[in-house]
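Hi everyone, thanks for coming.

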Amino acid sequence: MSIIDTVLNDFFWRALIGGLGVALIAGPLGCFVVWRRMAYFGDTLAHSALLGIAISFLFSIPLNLGVLITSVILAMALLLFSRNKTLATDTLLGILAHSALAIGLVALSFMPEVRIDLTGLLFGDLLAMTRNDLLWIYGGAVVILSLLTLLWRGLLMSTIHEELARVEGVPVERLRLLLMLMFALVIAVAMKMVGVLLITALLIIPAATARRLASTPEQMAALAVVFGFIAVAGGLSMSWHLDTPAGPSVVVTAFASFLIVYGGASRFSARRSA
Amino acid sequence: MNEALVAIDNLTVRFDDRPVVDRVSLALHRGDIITIIGPNGAGKTTLIKAILGIQAATSGQIMRAKDLVIGYVPQHLSLESTLPLSIQRFMLLSGQPLATCVSALERTGISHLLQAPVHHLSGGEQQRLLLARALVRKPDLLVLDEPAQGVDINGQAALYDLIRELRDELNCGVIMISHDLHLVMAATDKVICLNQHVCCSGHPADISHDPAFIETFGLPVAESLAVYHHHHNHSHDLSGNVVSTDHSDPATGHEGCQHEHH
């Protein structure tokens, strides 16, 4: 048996490798969530993942695929609805987020033959990561990272000033759609890890932490990956040693590094200005 | 006469059946500076967005010259504080080489701020950055939305001077929205007073006597402007209305208005 097999047969290593893969894509995408103020949008997509799981059981398709399809449909619906300005975007998102979550829970209750671990879905079950999950994560990572590299300038320009970007010929609408599809993909692959209620945390907290130390957008994306790695590794060892749930432990570690960076940085700048 | 950079014919933009821009026609040639003035909600920004091609027209036509490069100076650069961005990086996002970016910044007088974060700029510096960002693309047409907003009085005059100089250097057309009537009157070839429709247009010296202008902006404004331009190229009829004796025609086309030939 090769060393790779040995590693992949161990649930802890699978969890670590999977977690690092998610952090790799959550970092740069999380930056866009922060820059474009899409935190609530991410939440809405994540909550809809539960509906996606119900749908997967209903049509007996793989969970990741069901979640991906549901979030893609919801992302498109949001894009269409947001053109109609009758409802403020956050109201619309609030309606859809919680309705999707509730419909998912109700739909699952109609399927008593389906035995699922609801806590695992809501808060993640990192340690139950399978080889198949790893395939999804790293497949998703390849797709998302290549798209981001390819479209980086246009995405950045349309984030900075949408109209200026449009005048300069950036296909703003198409990029927005692609970004939403990437969010849908990251949620489909990250759901297992931290659960539908905590996915947004994994996108936002490392990016926000990185902001304190970065002076270019690229630095911020790279640092967000680093803080994501720290959160995953730290959270997993916390879970291992203290027997805490893995998903929440990852988020707690991310939050701790956020506090340390902001606390340390403000003390540093206070000393400098003193 | 060279070919128009942009020619708009009977352009109408409606929001929810309410015409925001109503049957506007205008043509802009190389070297022209056209300023759009008008009260709030007059459709000025909508009109230039239609010219820029980022606002769909409900009816009417917009013709743009082939391969027209537009430099757009938006009202603000309201950058999220979460997005770290230096001036250099912002300029490089235009896709132009660094040397071109630096010389554009030199031209607008803020090249010393190359490494500064965009968030730390004052209102005037921000406008100069946006202007440099437009310049770097070597535009045929410069479109500015209230370029002097947030700029102090001295800076405003300098900014309008700069825009005129750039027009000469690039031999481009300029179309801008402005509220700074006095400064604009001196800096522009042609003023279009917009209130959904074109309520009047013509040479700045003439327009301040136009009854439609007086109606829109009030007599005090019109008179204060008239003081700046002692032109007597028209007479008044018995009720005090302007009887135009020159080329300025408020109702129809305005070709040729931008030249002094009285």
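Predicted model: local features only at pLDDT ≥ 70, side-chain atom pairs only at ≥ 80, totals over all residues.

Okay, let's begin with chain B and its helix H1, residues 44-52. Just after H1(B) comes B:Gly53, with a positive phi of about 85°. So is H1(B) enclosed or open? Eight of its nine residues are buried, so the rest of the structure largely encloses this helix. The buried ones are B:Lys44, B:Thr46, B:Leu47, B:Ile48, B:Lys49, B:Ala50, B:Ile51 and B:Leu52.

Now zoom out to the whole of chain B. You'll find nine helices and 11 strands there. Of its 262 residues, 44% are buried. And if you take the contacts with a separation of 6 or more, 68% of them are between residues 24 or more positions apart.

On to the sheets. As a reminder, strands of a sheet pair through backbone hydrogen bonds, either parallel or antiparallel. Chain B has an open sheet of three strands, in the order S2-S1-S4, and the pairing is antiparallel. At the edges sit S2(B), 18-28, and S4(B), 59-64, each pairing on one side only. On average, neighbouring strands here are turned by 20° against each other, ignoring direction. If you look at S1(B), residues 6-15, you can count seven bridges across to S2(B), with the two running antiparallel. To pick out one of them, B:Leu11 has B:Val24 in S2(B) as its bridge partner.

There's also an open sheet of six strands in chain B. What is the strand order there? Reading across, S5-S6-S7-S3-S8-S9, and this time the pairing is mixed. The edges are S5(B), 70-73, and S9(B), 197-202. From one strand to the next, the twist averages 15°. For a parallel example, look at S5(B) and S6(B), residues 141-145, which share four bridges. B:Val73 stands opposite B:Leu144 in S6(B).

Two packed helices are described by the angle between their axes and the distance between the axes. Take H3(A), residues 39-58, and H4(A): their axes come within 7 Å and cross at roughly 135°. That angle is why we call H3(A) and H4(A) oblique to each other. Their crossing is right-handed. Among the residues that meet, you have A:Phe41, A:Leu45 and A:Ser48 from H3(A), and A:Leu63, A:Leu65 and A:Gly66 from H4(A). Sorted by class, this contact has 13 nonpolar, six polar and no charged residues.

H4(A), residues 63-81, also packs against H9(A), residues 172-194, at about 150° with the axes 8 Å apart. With that angle, H4(A) counts as roughly antiparallel to H9(A). This contact includes A:Asn64 and A:Val67 of H4(A), and A:Leu177 and A:Met180 of H9(A). The classes here are 15 nonpolar, two polar and no charged residues. H4(A) passes H9(A) in a right-handed crossing.

Last stop: where the chains touch. Here 15 residues of chain B are in contact with 18 residues of chain A. On the chain B side, those divide into 11 nonpolar, two polar and two charged.

That's my tour, so over to you for questions.

Key
Residues numbered from 1 in each chain as written. Chains lettered and ligands numbered in written order. Contact = placed C-beta atoms within 7 Å. Nonpolar A, V, L, I, M, F, W, Y, C, P; charged D, E, K, R; others polar. Pairing = 2+ DSSP bridges. Axes fitted to C-alpha atoms, helices over the stretch in contact; angles between N-to-C directions. Parallel < 35°, antiparallel > 145°, perpendicular 65-115°, else oblique. Left-handed = near helix turned anticlockwise from the far one by under 90°. Buried ≥ 20, exposed ≤ 12 C-beta atoms within 10 Å, placed from the backbone.
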